[in-house]
Amino acid sequence: MAIEVRIPTILRTYTGGAKSVEGTGGTLDELFADLEARHGGLRDRLVDDAGLRRFVNVYLNDEDVRFLGGLGAPVHDGDTVTVLPAVAGGSA
Amino acid sequence: MLTIAAGLRDQIVAHAWADHPDEACGVIAGPAGSDRPERFIPMLNAERSPTFYRFDSLEQLHVWREMEDRDEEPVVIYHSHTATEAYPSRTDVSYASEPGAHYVLVSTRDAEADEFRSFTIIDGVVAEEPVTVTSTE
């Protein structure tokens, strides 16, 4: 069972430079725990005490997981999860 | 150093004024590894705020995938400040997540002045860089 996880440039230090890694799990939370086992420190960049980090966008196929249940979103073999840090800022 | 065509620079400035008093934001994509900004991509500011901007998450996915398909990367990430100087704020620095990009700031605080500046933001360190504007025939 494999789920492809596409990794943005700034997080590739956790994957040895790889743009894409594979993992398993029934939910996004399980998938991230699985990735953490091989890519230590990665999960902490995606998740904090409240759940998915606010300025990290995680997509399941073509949808933002915020609308699919966040960390509880079910994932399946053949899905693609994409991580993109939010592009944001302001004047203060 | 940011080298940018006058036409692209003018499009960024025009976008900033069009969205004023909200912050405007967008990307200029270019061939991966070239450091050449070529394709102007204005983005929606999902915050629609005079003091904050954020790319709409699905629009960002679409644009990032399109750049990947075209073997491009975000060479310039721009946004405007509507009442303060064209210099990266603390939040700009803390959210900067493309270490290879030129962060362009435009200020629309003064209708008489065109403030257009470029910076690198790497590991939380801001460095202003010179801008060379090239004219197109």
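The structure is a predicted model, in which local features need pLDDT of at least 70 and side-chain atom pairs count only at pLDDT 80 or more, while totals for chains, interfaces and linings use all residues. Residues are numbered from 1 along each chain as its sequence is written, and chains are lettered from A and ligands numbered from 1 in the order in which they are written.

Chain B contains 3 helices and 9 strands. Helices (H or I, at least four residues) and strands (E, at least two) are DSSP runs, numbered from the N terminus. Read from the N terminus, the order of the elements in chain B is β-α-β-β-β-α-β-α-β-β-β-β. The radius of gyration of chain B is 14 Å, which agrees with the value near 14 Å for a compact globule of 137 residues; this radius is taken over C-alpha atoms, and the globule rule is 2.2 Å times the number of residues to the power 0.38. The C-alpha trace of chain B spans about 35 × 35 × 30 Å along its principal axes.

Of the 137 residues of chain B, 38% count as buried. A residue is buried if 20 or more other C-beta atoms lie within 10 Å of its own, exposed if 12 or fewer, and partly exposed in between, with C-beta atoms placed from the backbone. Two residues are in contact if their C-beta atoms, placed from the backbone, lie within 7 Å. Among contacts in chain B between residues at least 6 apart in sequence, 61% join residues at least 24 apart.

An open sheet of 6 strands in chain B has the order β3-β2-β5-β6-β7-β8, with mixed pairing. Its edge strands are β3 and β8 of chain B, each of which pairs on one side only. From one strand to the next, the twist averages 30 degrees. Two strands pair if DSSP finds at least two bridges between them. Strand β6 (residues 102-107) of chain B runs antiparallel to β7(B), and 5 bridges join the two. The bridge partner of B:Leu105 in β7(B) is B:Arg117.

Helix α1(B) packs on this sheet, where it touches β2, β3, β5 (72-81), β6 and β7 of chain B, and its direction makes about 50 degrees with that of β6(B). Axes are lines fitted to C-alpha atoms, for helices over the stretch in contact, and angles run from 0 to 180 degrees between N-to-C directions. Helix α2 (residues 57-69) of chain B lies across β2, β3 and β5 of chain B, at about 145 degrees to β5(B).

The buried residues of α1(B) are B:Leu8, B:Arg9, B:Ile12, B:His15, B:Ala16 and B:Asp19. Seen down the axis of α1(B), these residues fall within an arc of 125 degrees, so they line one face of the helix; the arc is that of the directions from the helix axis to the C-beta atoms. On the other side of α1(B), B:Ala6, B:Gly7 and B:Ala18 are exposed.

Three loops hold backbone features of note. The peptide bond from B:His20 to B:Pro21 is cis, with omega near 10 degrees, and B:Pro21 is found in the loop between α1 (6-19) and β2 (25-31) of chain B. B:Asp35, in the loop between β2 and β3 (39-43) of chain B, has a positive phi of about 60 degrees although it is not a glycine. B:Asp35 is partly exposed, with 14 other C-beta atoms within 10 Å. B:Asp123 is also not a glycine, yet has a positive phi of about 50 degrees. B:Asp123 lies in the loop between β7 (115-122) and β8 (125-129) of chain B and is exposed, with 8 other C-beta atoms within 10 Å.
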